Amino acid sequence: MLLTVKNLSKSFLGSRALDAVDFDLAAGEVHALLGENGAGKSTLIKCLTGAYHRDAGTIALEGEAIDPRSTSQAQDLGIGTVYQEVNLLPNLTVAQNLTFGREPTRFGLIDARARTRLAREMLDGYGLDIDVNRDLGAYSVAIQQIVAIARAVSLSGKVLILDEPTASLDAREVEMLFKVVRDLRDRGLGIVFISHFLDQVFTISDRITVLRNGRRIVTEDTARIDRVKLIEHMLGHALESEVEARAGAAAPEKGGRPIAFSFRNIGRQGVIEPFDLDIHEGEVVGLAGLLGSGRTESAELLYGIRTAQTGEARDANGPINIRNPRAAIAAGFGFAPEDRKTDGIVADLTIRENIVLALQASKGWMRPIPRAEQNRLADEYIEKLDIRTTGREKLIGELSGGNQQKVILARWLAMNPRFLILDEPTRGIDVGAHAEIVRLIRALNEKGMSLLVISSELEELIAVSDRIIVVRDRRHVAELAGDQMTTDTIVRAIAAPDANPEEAA
Amino acid sequence: MTNARLLPLFATIAIFMLALVICFIQFPNMFSTRVLGNLLTDNAYLGIVAVGMTVVILAGGIDLSVGSVIAFSGVFIAVVLRDTGLHPMVVFAMLLAITTAFGAAMGGLVHALVMPGFIVTLAGMFLARGAAYMLSIDSVPIQHEFYDVLQSYILLPGRGRLTLIGITMLVVFVIGMLIVHKTRFGTAVYAFGGGEATARLMGVRQGRVTVMIYAFSGFMAGLSGIVFSIYTGSGYSLATVGTELTAIAAVVIGGTLLTGGAGYMFGTFIGVLTMGLIQVYIVFDGTLSSWWTKIVIGALVLAFILLQKALLHLARRGNEVAYA
Amino acid sequence: MIFPVLRRVAPQLITLFALIVLITLIFPSFLNLSLVDGRLVGPLVDAAKRSAPVALLAVGMTLVIATKGIDLSVGAIIAICGASAAWAVGAGYGLGPALLIALSAGIACGLWNGVLVAIVGIQPFVATLILMTAGRGIAQLITEGRILTFTDPGFAWIGSGTLLGLPVPVWLWFSTAVLMALILRRTALGMLIEAVGINRRASALSGVNARVLLIAVYAVAGFCAALAGLVVTADIRGADANNAGLWLELDAILAVVIGGNSLLGGRFSIAASVIGALIIQTINAGILLAGFPPEYNLVIKAALVVVILVVQSPSLGGHFAFLRTALLSRREARHAPQTEEPKP
């Protein structure tokens with residue numbers, strides 16, 4: 001084996017990001033690494049490239065134990081990485097990027113001609129015919145990726161880690177990139193390939209490893225693994241004990257209720273294809289799909305974070321405006337985002353202030369919520385949602401993830417919205433809080449609020465939803481209700497080979 | 001459009017040409033070697049400090065201390081020459097060592113404190129100005145025979161004077177171009193301005209480069225101070241107030257992106273000349289008042305910032321459509 | 001309500017108090033106060049009066065910095081507003097309209113900055129640099145390069161008059177600060193500004209209109225600069241486009257950071273910033289009394305900035321935060337049994 005990882009563990013502030021993970025990579029193979037957000041993929045990569053230092057476990061390269069402390073050290077050892085966001089500088093020329101740090105010099109000054117020659121040599125064999133003296137930024141992302149690969153290979157030359165390199169490429173560009181990857185594999189490099197496009201994974205990889213919740217679930221030859229099985233591994237199948245199954249008879253037919261919101265033909269080019277969506281009063285609609293499938297993007301269009309290019313939204317009284325979050329809030333929407341830290345919490349404000357923020361913003365600055373009322377609201381929700389804190393004046397940044405999520409929920413509950421969108425409400429939350437939030441979603445629903453819930457935890461999604469919409473490749477591809485809502489059918493809908501050959505690669 | 005990065009430079013050159021044409025139409029006799037020689041002489045100190053500023057801005061930083069450092073330099077030279085028997089060249093060497101170390105210290109603080117450059121150099125601005133005051137509050141004349149040599153010039157046909165300090169500025173610009181475009185340090189400067197995180201990933205040693213950038217600016221501010229003392233023949237602690245802004249304006253009008261990563265040393269040279277030309281024009285006109293210089297420069301700075309913003313916007317939109 | 005405010009400004013108050021004690025120990029005359037013709041005179045009153053421009057600027061600058069911004073143009077706005085007021089008085093518009101013109105000019109300058117920052121999307125420091133460069137030119141345009149003097153006693157009263165025994169500038173900065181603090185804390189503005197400064201994206205997703213808030217904050221900074229411009233101009237009975245407000249933007253920023261407000265935005269205290277301005281002026285007074293030339297001020301201010309930056313620095317701040325949490329947890333541990341006991 002070229003690279004052998006044994007028992008790798010890494011924790012952040014008490015939460016285990018990687019739990020005794022084994023991983024190996026042979027020379028001349030492409031090994032795909034799969035998993036949803038928070039599965040531990042990026043932590044594993046960062047331990048390999050020296051960006052993080054592991055807590056426990058061993059890493060061996062060509063049989064020798066290594067201990068990279070920085071990316072450049074890993075590079076010198078032979079491990080190079082190319083990230084999704086191109087890790088070169090668009091404001092330098094291709095040649096400058098390729099030769100950065102080892103420019104040929106003459107009399108102390110850079111020899112431009114020799115640099116051009118060196119850059120051309122480095123690109124030799126990649127099938128690129130470009131002017132190396134133009135700015136890197138002038139070229140397509142695909143070409144930038146290949147330039148980044150060329151640099152990484154010439155610097156490192158043993159292990160190449162490709163972290164979602166195809167995220168923003170079209171089919172032709174992906175093919176171009178794959179040709180390069182195959183050539184490198186045939187030259188004997190070991191390549192770790194990370195992508196959430198399953199079609200691409202099946203096309204390019206020799207072996208697949210699936211991570212979930214910081215553990216390795218399976219490693220298998222690509223030829224021997226079944227698509228459906230693979231998705232089950234990624235999303236988790238076994239009923240997790242803390243999520244009780246829905247009480248079967250308790251779910252009345254909600255399709256008969258009046259439609260609360262009706263979205264027609266909502267879409268934006270390159271983000272999500274136009275879709276229709278009706279939400280009934282007191283209904284919970286689940287949105288299932290893999291990471292990057294367009295599930296979060298759907299929610300962003302509905303809430304006006306990104307403006308829809310087509311379509312319209314109506315409620316019982318006629319058209320409503322959802323052009324930006326403020327308009328959506330005025331229409332009775334609420335949104336608890338996936339990335340709590342950057343989009344949700346205002347870290348240096350107190351729990352109380354975070355709870356009243358949306359309500360205050362909608363009232364306007366002229367009509368402050370009296371302090372007594374703020375205190376009442378905060379105390380009410382701290383108790384109702386069981387937010388564990390020493391008091392309402394504690395900064396929200398000092399709370400655990402689960403409690404932060406509850407505060408965000410409280411922020412919206414204080415608004416009493418008609419339609420609440422929850423994007424991955426249970427991500428990164430410990431087991432106890434997890435179950436509480438699931439219970440809370442049900443309670444809201446029983447009070448008549450309409451909800452849209454996005455989650456990669458299928459069991460949980462089935463448990464809370466009346467209906468589930470499956471998103472794949474930026475399209476809404478299936479709608480499941482009643483008995484059809486099983487992990488099995490959802491996984492099959494996600495796994496169905498792509499009907500649109502344009503986008504498959 | 002081969003390289004969008006070149007567009008602001010073209011705009012810079014176009015504006016300079018336009019200014020030349022306007023001047024030529026209105027005042028045909030402006031184009032004597034005398035006026036051109038003076039253009040170089042009068043703007044020598046500004047050009048030299050703008051070379052340092054270009055490097056700092058290209059790297060995504062800013063140095064607000066240079067105006068004060070120039071004033072300090074003048075006072076330091078004048079006071080040391082007055083009170084000791086040292087030769088001016090020795091004093092110059094001492095001064096350059098001081099200002100370079102001063103710049104390096106500011107760079108070190110910027111790096112160590114992870115604070116924006118403009119705050120740290122703001123403190124540097126106070127410090128240098130205060131130090132100048134402490135040396136002397138009054139204007140100190142420099143009377144050293146060597147200064148007569150330094151103030152010498154080559155007589156050009158048409159009674160123009162190509163002064164030593166004018167030549168110094170030209171040489172400094174050539175050196176600046178070599179450093180920015182032809183050394184590893186220069187490439188690192190651009191890399192830094194393009195994205196600190198990425199530059200680090202590519203192996204730039206952040207601390208070292210930050211210190212070097214501000215040290216370079218400090219050195220150039222010191223050199224500019226020497227030139228300014230030759231130009232005025234004295235040292236005055238209240239001199240060159242606001243020169244940092246003029247230098248920043250010259251860099252921006254020269255087509256360099258104020259947030260770093262894109263621009264050319266040659267553009268700064270044209271920027272300095274453009275600003276000089278505006279001043280000459282106002283002097284020739286006679287009816288226009290000097291404050292128009294500030295307003296025109298402010299308007300030009302705004303125009304270039306908006307141009308850069310628009311270019312960035314277009315580039316981003318282009319990408320979105322291309323990879324949608 | 002008063003108690004948390006006091007706790008917030010305690011470090012600044014203690015610093016100010018310590019400075020006054022220190023100066024008094026060396027120069028007992030510093031505390032001299034006497035009533036002359038119905039007005040208080042003495043070094044302390046003088047210092048409070050001289051604090052006016054920086055204290056006024058600090059009020060606006062506090063808000064701008066709370067939104068993660070900076071306003072480098074306030075010095076130039078002082079020059080513009082002083083020039084407009086002096087010009088209007090000179091042109092015979094009367095005092096009222098002249099003040100109105102000056103204040104409108106300040107707000108207009110602030111709006112300009114705000115639009116560049118919030119709508120065009122230029123970094124605050126770059127956006128306000130434009131007016132910093134061009135502003136003095138505009139002021140000179142108004143004064144036509146001369147120092148515009150005036151004799152209007154009403155206008156001069158703003159700079160050197162007395163009201164209820166205290167100089168008018170003192171009333172001006174005091175009432176502006178109190179009024180502004182009341183507006184910000186009695187309405188929801190303060191919290192919304194802090195929210196935008198801490199996390200603009202999360203605030204916008206919660207429905208906060210960040211754009212309008214940003215523009216308003218820069219407009220307030222312009223208004224405060226206009227008030228400062230009136231004081232500066234009235235004090236010397238003339239508008240000097242070149243020197244009015246020179247370097248005051250730096251003093252204002254310094255006052256804000258001495259006030260313990262983070263340059264990275266977020267929580268702010270106007271009271272603390274104003275006390276910061278008083279501290280700066282007290283240092284000035286002390287240096288003058290000590291017989292040092294006033295030029296030493298700059299060096300001391302620079303040293304102060306560096307010390308405060310070191311304390312505020314996020315990289316070093318990590319150690320402080322660690323210390324704080326360590327202390328806090330120890331305190332909590334000590335308190336824990338006590339709080340648990342009464343429960344059962």
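This passage describes the contacts of chain C with chains A and B, the make-up of chain C, and one helix of chain A.

The model is predicted; local features need pLDDT of at least 70, side-chain atom pairs count only at pLDDT 80 or more, and totals for chains, interfaces and linings use all residues. Residues are numbered from 1 along each chain as its sequence is written, while chains are lettered from A and ligands numbered from 1 in the order in which they are written.

Chain C contains 15 helices and six strands. Helices (H or I, at least four residues) and strands (E, at least two) are DSSP runs, numbered from the N terminus. Of the 344 residues in chain C, 53% are buried. A buried residue has 20 or more other C-beta atoms within 10 Å of its own, an exposed one 12 or fewer, and a partly exposed one a number in between, with C-beta atoms placed from the backbone. Among contacts in chain C with a separation of 6 or more, 78% join residues 24 or more positions apart. Two residues are in contact if their C-beta atoms, placed from the backbone, lie within 7 Å.

The contact between chains B and C takes 34 residues from chain B and 33 residues from chain C. On the chain B side, H5 (88-113), H6 (117-135), H12 (243-253) and H14 (291-322) each supply at least two residues. H6(B) gives the most, with twelve residues. This side comprises 27 nonpolar, four polar and three charged residues. Ala, Val, Leu, Ile, Met, Phe, Trp, Tyr, Cys and Pro count as nonpolar, Asp, Glu, Lys and Arg as charged, and the others, Gly among them, as polar.

Chain A also touches chain C, with 24 residues of chain A in contact with 21 residues of chain C. Two or more residues come from each of H10 (325-330), H11 (340-344) and H12 (351-363) of chain A. H12(A) has the largest share, six residues. The chain A side divides into 15 nonpolar, four polar and five charged residues.

Helix H13 of chain A (residues 371-384) has 14 residues. Its first and last C-alpha atoms are 20 Å apart, close to the 20 Å expected at 1.5 Å a residue, where the expected span is 1.5 Å times one less than the number of residues. A:Gln374, A:Leu377, A:Ala378, A:Tyr381 and A:Ile382 are buried in H13(A). They lie on the same side of H13(A) because they cover an arc of only 125° around the axis, taken from the directions from the helix axis to the C-beta atoms. H12 and H14 (401-413) of chain A are among the elements covering these buried residues. The face turned away from the buried side carries the exposed residues A:Ala372, A:Glu373, A:Arg376 and A:Glu383. After H13(A) comes A:Asp386, with a positive phi near 55°.
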